[in-house]
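I opened my notebook to work through this structure one topic at a time. Here is what I looked up.

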Amino acid sequence: MKALDSLRIFVTTLRKGSLSAAARSLSLSPATISRRISALEEELGVQLVDRTSRKLKVTEAGQAFLTRAEVVLEAMAEAEEAARSSKLLPEGRLRIHSRTQIGLRVIAPLLPRFAERHPDIQLEMELSEHPVNLVEQDFDIDIRTGESHDSSFVIKRLLSSDEVLVASPSFMKVYKRIRHPRDLPEVRCLTYRREHEATTWKYIDEQGEQQELVIRGVLSSNNGELLRLAAIGGMGIALLSEPTVRSCIQDGSLVRLLPDYRFAVRGFSNGIYAVFRQSRALPLKVRAFVDFIAEALREGDAA
């Protein structure tokens, strides 16, 4: 298995982009990483990595070797998973990425039950507002909102959901005359910021046509959880994923506005999705997590 270790070190180093980053990922020293790659080059009789610049640069021979090495490692991972699967017990490290608000408000409350059911799975969960590359950043699952069409991954809908307008009861006492979506640009709104784009909210009108509103918010943020807290505090109206504010609507800390209209920020095929890598033998730990979350969310939706 030493040859496979050398392949793994080589592939990880190029994915991470530096010896130090690979060393941290593999719990080895940069010197050890460098020696192992040098030994691999000596064994193959070709230079795989150009070390003349500060940044690692793969050679033509190294690129050809990298492509095939990744195939070998993927095949070995599948073989190992097939062997483990014979025990029918999901186990091992499971790395998950999620958008912050979905992770905190929807996924996190379900993790204790999952851990109790699958004690041999070690969970690592990272939250951010940025898209991730599952392969390069070594994630098993990405929890996303909104539809995705990336054919290189498996995409499973965990929950169908809409985005809903919400505000605090105190805010609504002041702004009582919100009767139609066209009223929204005239009131205080809290908007999700995407780079430097103008914020638009879409809605379906009485004739079933999609309309668009330009919203100039009194607060913009790239974090939905911040917008939820600001809405609870009476700062304005927010357009948020329904599962993330369901409990707030139920306990009265937020009020839903204009429930007869459908709203969206990007598009109307809203939902929460799990995205994971295609594999001939889907790891049991991935299947266990995705199936558990999907079932738990369906139960919560029906409750």
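Predicted model: local features only at pLDDT ≥ 70, side-chain atom pairs only at ≥ 80, totals over all residues.

**Cavities**

I then turned to the second largest cavity, with a volume of about 40 Å³.

Which residues line the second largest cavity? I listed Leu-190, Thr-191, Tyr-192, Trp-201, Leu-227, Leu-239 and Val-265. I checked which element gives the largest share of this lining: strand β8 (residues 189-192) does, with three residues. Sorted by class, the lining has six nonpolar residues, one polar residue and no charged residues.

**Cysteines**

How many disulfides does the structure hold? I counted zero. I wanted the reason, so I looked at Cys-189 and its closest cysteine sulfur, which is in Cys-248. The two sulfurs are 18 Å apart, too far for a bond. A disulfide needs the sulfur atoms within 2.5 Å.

**Aromatic pairs**

I searched the whole structure for aromatic pairs and found six. One of them joins Phe-171 and Tyr-175, and this pair is stacked. I noted 4.4 Å centre to centre and 15° between the planes. The planes count as stacked because the angle is under 30 degrees.

I looked up accessibility for both partners. Phe-171 has 3% relative accessibility and counts as buried. Tyr-175 has a relative accessible area of 26%, so I put it down as partly exposed.

Next I took Tyr-203 and Phe-263, an aromatic pair that is tilted. Their ring centres lie 6.2 Å apart, with 40° between the planes. Where do these two sit in the chain? I placed Tyr-203 in strand β9 (residues 200-204) and Phe-263 in strand β14 (residues 263-264). The pair links distant parts of the chain, 60 residues apart. Both Tyr-203 and Phe-263 are buried.

**A cluster and a charge**

I also found one aromatic cluster formed by Phe-114, Phe-289 and Phe-292.

My last entry is on a charge and a ring. What sits over the ring of Phe-139? I found the charged end of Arg-95 there, 4.3 Å from the ring centre.

Conventions:
Residues numbered from 1 in each chain as written. Heavy atoms only, no water. Phe/Tyr/Trp six-rings, centres within 6.5 Å; stacked < 30°, edge-to-face > 60°. Buried < 20%, exposed > 50% of the residue type's maximum accessible area, 1.4 Å probe, protein only. Helix = DSSP H or I, 4+ residues; strand = E, 2+ residues; numbered from the N terminus. Lys NZ or Arg CZ within 6 Å of the ring centre and 35° of its normal. 1 Å grid on protein atoms, 1.4 Å probe; cavity = no way out; pocket = protein on both sides within 12 Å on 5 of 7 lines; lining within 4 Å. Points joined across faces, edges and corners; volume = space filled by probe spheres on them. Nonpolar A, V, L, I, M, F, W, Y, C, P; charged D, E, K, R; others polar.
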